[in-house]
Each structure stands twice: as C-alpha cells, then as structure tokens.
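Please keep the sequence and the structure in view while reading.

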Amino acid sequence: MSEVRRSTSSFYRPGTRSSWIKRPKREWKPLEDRNCTDLPWFLLFTLFLVGMCGICGFTIVTGGAARLVFGYDSYGNTCGQRNEPIEGVRLSGLDHTDRKFVFFLDPCNIDIIQRKIKSMALCVSQCPTEELATYYDLKKFAMINGSELCSYELPGHKYPSLPERFEKCPKLPVPQSKALPVFNRCTPVDISCYAKFAEAVVTFVSDNSMLNRLIAGVAASKEIIVGLCLLALVLSMILMVIIRYISAVLVWILTGLVVLGSLGGTSALWWLYIDYRMTMNETMTKDLRKTEEPNGGIKTTKDHSQGLLIYAVSATVFTGILLLLMLFMRKRVALTIALFHVAGKVFIHLPLLALQPFCTFLALSLFWVYWIMVLLFLGTSGNPEKSEETGLVEFRLRGGLQYMTWYHAVGLIWISEFILACQQMTVAGAVVTYYFTRDKNKLPVTPILSSVLRLVRYHLGTVAKGSFIITLVKIPRLILMYIHNQLKGKENACARCMLKACICCLWCLEKCLNYLNQNAYAATAINSTSFCTSARDAFMILVENALRVATINTVGDFVLFLGKILIVACTAITGVLALNYQRDYTEWVLPLIIVCLFAFLVAHCFLSIFEIVVDVLFLCFAIDTKYNNGTHGREFYMDKALMEFVENSRRSMAVEEQGRSKRSRPKEEVELTEVKAMAPGTSSA
C-alpha cells in the first residue's frame, strides 16, 4: 500500500496506571510482505505423505503388489515365479516360473455380496483357447499344450479315470478363455455366466436385449458424444466471459420472476381458501340435511378449510419476508452485478484461470488411480490364512497392520481436500494480484504461475491445515452415512431421524467451513498470515458485510446455477438434433444421458472457478472500501464498475442524510435557512 496505516482498539487491563490501553490492530498490506505460514502443518502433512508412501512400499516388499499383478493360486503360490513354502498349507512353495496365468475352476461361481469369485484358482501355462466339453478334452489339452487345468497333484494323462476329477478339475464345459492384458487372469470370452453378477451390480438392467441396444447406441454414436462434450466445454468457457454482459439482465429478471411467483402463489392460495369457504357455506345446509352424522362432515370440511388457511397464511408470511428482503437488499444486488462484471474482466486478463479445472481434475485423477492401486495391493498383502469354509488360502492383515487400511482411507480424504484447497489458493492468489495492481498493464506475465510458485514456497502449510479441518468434519459424516446404510430397515424411526439430523448438521458445518476456508486462503494470499489469523480476519470482514454476503451468495449462486442449466439444455438440444438426424441410431437415450451428465459436470467445474473469483473479489472489495476512501494517499484499488457502485452508494447515502437532517430540524429554522439562501449577496456556505 502507498502508506502505513494503523488503527487502534482499546482494551481494559486492571492494575495498571492507565486501565485503558491502546492496542495496535494488525493492518492489511496486500502484496507487500511474504513469509512462510503454518510451517508445522507443512511438516505434519509431509510426514503423513511419507506414511502413505510407506504403505505402498510395504505392499511391494511383502509381495502384495506382485500377487495382485501376477495373480496367485488357492495354495498361496504367486504365478510366474518361485515361491517359498507356507507352513501348514500343502502344495505351497511350488515353482511356477512357467505358469504365468491364473485359471479358475468355476469362474461363474461368484459371491454377489462380496463381489468376488469363490472358485479354486490354479496357475497354468496357457488359458484354454477353445471350449472343453469332456475330461478327454482336458487330457488332450494338457498333453498338447502342457497346461494342466486340474489340481497340481492330479496327472494330466489320468484325468478321465480319476475319482477326484469332480472336485479338483474344472466344471464342464470349460468355456473358451482369454488372458487379461495386465493381470494375467483367464477370463471367459463369453461373459454370459457373469450375467447374475452384472445384474446385481447394475440392478436396473433386466432385459439383455435392451442393454445390448443401449450399448450399441453408445458405440455407434461415440463421435457425436465426443463432439457434444467438447461443445459443453466451449459453452462453459464462453459463458464465463459473456456473463459480465448479461448478469444485470439475468439478476433482475430472476428477481422479478421470484417476486411474481411468490405473489401469484399466495394469491392463488387465498383465492382457493375464499372459494372453498363460499362453497362450504352454500352447501352446508344441504349436507346437514342429507347426512345422518353431520358432525363428522362438518369436522372434515373444517379441517380442509383450516389446512388451506394455514397454507395461505404461511405463503403470505413468506412473501412478506421476501419482499422486505428485496426492499432492503435491492441496492446490494447492484454489487453482485458489478462483481460479475469484474469477474468477466478477470478471465479476460487471466485466461489461464480456465485451465484450473483441467489441472485439478488431472491431479485428482492421478492420485485416485494411485490410491485405488495401493488399496488393491493391500487386499493381497498380509499373512496367508486358510479359510475354514472353502479351504482356500487368503491373505489378511492382522494386528496393527490392519490399521494401514484406515490410514489409507484418511489419506484419500485429506489429500483430495488438499488438492482442491491448492486450487482455491492458486485462484485466490491470482485474483488478489489482479485486484491490488493499479495498472493492469504491469501485471505479471503469468499471474497464475506466480500464484502457484507463492503457494509452493510459502503457503503449503496453510493449505494443509485448512484441508485437515475439512477432513475432520467429513470423516464423521461419512461414518454416520455408512452406519445409516448398514442399519437401513433395522433401526427405529427415532434412531433414523437422529442419524439423518447429525448427517445434515455435519454437512452444513462442512459447507460453512469450506466457505470460511476459501476466504481464509484469500486473506493469506493478501497478507501472508497464518490460517487461523487469516480465517479470523476474513470472518470479521464477512460479518461486517453480512447483508452483502447473503445477497451475493443467494443471487449469485442462483444465477450460476441457471448458467449450468443453460449449458446442459443447449447441449441436450444439440444432442437430440444430432442423434435424431442420424437415422441409424435407434437408441440414443443413454448417449444423451451421458452427454448431459458430462455437460453438467463441466459447467459445474468451470462456474465453480467463476464463483471462487467472485468471492475473492468481494473480500478484496470489502477490504478496499474499509481501509481506503479515495483521497490522496488512500486511493481505491477497485475496478471502474465497482467504483461506480461506490459513488452511487455515496450519493444515495448523502441524499438520505440530507432528508433526515431536514426532517429533524424545526420547520421555522428550515424556512429561515431557505430565505437566507435565496437572499442576494448572502453566502450559502
């Protein structure tokens, strides 16, 4: 800033010469000083990442990764390598160097609940390339290809005569199989035996012919699907730029529609109530004469009448509150429009902001792939145990090792929130740089890259702390949701209501903390202060501008939601025309649903960036108006559109103060002042 300004606040300290002491209050100094923030949290997050990598290393060292990739048989032997014998397990410790594929004796024996194959598994040198209908076919396949498909202790040339063939040989007929590209599992070419499993996973599919037609429609229209997805992407980017020109029209049209809808609904309810009362009065005498139990009829009609009256009164109260809010907040709607206008300019000056959703999605995708891979590794790690039910060897984590799965699950939430918080901090840093740079021609060449470098160098600890707070709230909510799903149909109504109430409260708390965190990141980008200090300062600014915050969050969010609906509608209409034009596509419902979901996802990602920009601009604007007044040495940083809003607000406040002062003075004094002002040679000062 151009000069150092300090505001003071008083506090009482007993036992001193002067009980009231002036305490300096920390000032906002955007873009002046930079220092590392929340360094202990950065070290804690680094240690947590080391633990996540340690889990991955443990699965690799203990053979879990190899067992997942290469596969293992029901005796604990990993396919494609030499194995050490397992105590108490026969046929373990075999040399499977030449047996690189996992073959299931009954691949269709699937546990629907656990989503796993319960069949005995063997390591074989080759998957059956054709259907084997008899045990003689098994013998012939073993003699020709050297791949024995029965248990290891059974010789291949004796398959047809062995009595153990019914238990230790594959179920006939053996379907034609093909090895998976990476995981070396023999999978039947005809997946009809998986129909029951697929039906359990995708419960809405009951007609195989319909499923085939839908899949064929997706395969046939894949080019159009890709084109429509690109259209949704382009529409989202265009909307972020042109919304600055249509925001005023959208806001006032929506405001008018909401008011008219509320008035119309309230009027309709009162009309129904009056009409019902009039009809009831006209027919009351006739009904009393014809009904043997008049009291019951009268009670029923009164209940209907009272119900309509309650609805009408409730709608009237709601409409009244809405009109009062519109009356008091009408001037603040102009601020929302101005912020949308400036946000559009931000995207013109900082076009790389549009790439933030891609970078975040890429980072999340890479992390999720890594997380799922390590989770699968954990599923095949641990100590070998022989199942008493099936007699097969399974690997399980016991003792303290089983907590690695929980540690890994917490890592999914914390690191995902950390990546999202990095996006918020990056956007906030770039927008702060734009706002507090008076001459926009002197902006850095790449403000986004500069913001990323500041984040990595100074503020990773702040982001780690903020994301950890969200994790602390999200984990209990997810646990309660899991308990609610597990107890569905078993718990009583009271317990179900309490669980839902707790889940709802935690969800609301999470949303509030997300909003506060976002503003705390913006405050950190301005002042380079720690997370708690930034959160406190941002909270005080938001409280001082509570009505403005409410207006921006209601009107602005609703406008952005309509923008998402607009993008989805345009994409859907284009999709209907394109798919209907291609007469070969008899089933284009599923492609259209896929396109609409993708369009909404893309619109949500891009307009969420726009929403972050608007929120950061508002915080900068609130700080600017609080500590600057437009005089020399305290010039505003704000854009011309926001400056016009401030000037209009000052004029309206001046007019209101003049009117209030005139009403407060006596009538004779006002008349005397006006006469003096009109007299020649007098000064109006």
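A nonpolar patch is made of Val, Leu, Ile, Met, Phe, Trp or Tyr residues that have over 30% relative accessible area and no salt bridge, with side chains joined within 5 Å. The model described here is predicted. The protein chain contains 17 helices and 10 strands, and buried residues make up 39% of its 685 residues.

**The nonpolar surface patch**

- Helix α7 gives the most to the nonpolar patch, contributing five residues.
- The members of the patch are Val234, Ile238, Ile242, Tyr245, Ile246 and Ile348, and together they have about 530 Å² of accessible area.
- One of these residues, Ile238, is found in helix α7, and Ile238 counts as partly exposed because its relative accessibility is 42%, between the limits of 20% and 50%.

**The chain as a whole**

- The accessible surface of the protein chain comes to about 38,900 Å², and carbon and sulfur atoms account for 65% of that surface.
- Among contacts with a separation of 6 or more, 69% are between residues 24 or more positions apart.

**Nonpolar cores**

- In soluble globular proteins, nonpolar side chains tend to be buried together.
- The largest nonpolar core has 67 residues, of which Val346, Tyr435, Phe610, Val613, Leu617 and Leu642 touch the most other members.
- Elements that give two or more residues to this core include α7 (222-290), α8 (294-349), α10 (403-435) and α16 (640-664).
- Helix α15 gives the most to this core, with 21 residues.
- Apart from this core lies another one of 28 residues, among them Leu105, Ala121, Val124 and Ala142.
- Leaving aside neighbours within four places in sequence, Tyr435 is in contact with Lys440, Leu617, Cys620, Phe621, Asp624, Tyr637, Met638 and Leu642.

- Helix α13 has 14 residues and reaches 20 Å from its first C-alpha to its last, which is close to the 20 Å expected at 1.5 Å a residue.
- The buried residues of α13 are Phe531, Ser534, Ala535, Asp537, Ala538, Ile541 and Leu542.
- Thr59 belongs to helix α1 (residues 39-61).
- Thr59 counts as buried because its relative accessible area is 0%, and the limit for buried residues is under 20%.
- Not counting residues up to four places away in sequence, Thr59 touches Gly64, Ala65, Phe377, Leu378 and Ser381.

**Salt bridges**

- The structure holds eight salt bridges.
- Arg82 and Asp95 both lie in the loop between α2 (64-70) and β3 (101-104), so the pair ties together parts that are 13 residues apart in sequence.
- Arg82 counts as exposed at 65% relative accessibility, whereas Asp95 counts as partly exposed at 43%.
- Glu153 and Arg90 meet through their side chains in a salt bridge of 3.7 Å, N to O.
- Glu153 lies in the loop between α3 (135-145) and α4 (165-168) and Arg90 in the loop between α2 and β3, so this pair ties together parts that are 63 residues apart in sequence.
- The side chain of Glu153 also meets that of Lys168 in a salt bridge of 2.7 Å, N to O.
- This pair links distant parts of the chain, with Lys168 in helix α4 and Glu153 in the loop between α3 and α4, 15 residues apart.
- Glu417, Lys474, Arg477 and Glu510 are linked in a network of salt bridges.

Note on methods. Residues are numbered from 1 along each chain as its sequence is written. This is a predicted model: local features need pLDDT of at least 70, side-chain atom pairs count only at pLDDT 80 or more; totals for chains, interfaces and linings use all residues. Side-chain values use heavy atoms; hydrogens and water are left out. A nonpolar core is a set of buried Ala, Val, Leu, Ile, Met, Phe, Trp, Tyr and Cys residues joined through side-chain atoms within 4.5 Å. Buried means under 20% relative accessible area, exposed over 50%, partly exposed in between (1.4 Å probe, protein chains only). Helices (H or I, at least four residues) and strands (E, at least two) are DSSP runs, numbered from the N terminus. Contact means heavy atoms within 4.5 Å. Accessible areas come from the Shrake-Rupley method with a 1.4 Å probe; for residues, only the protein chains shown count as cover. Patches are made of residues with over 30% relative accessible area and no salt bridge: like charges are joined within 9 Å, nonpolar side chains (Val, Leu, Ile, Met, Phe, Trp, Tyr) within 5 Å. A salt bridge is a side-chain nitrogen of Lys or Arg within 4 Å of a carboxyl oxygen of Asp or Glu. The expected span of a helix is 1.5 Å times one less than its number of residues.
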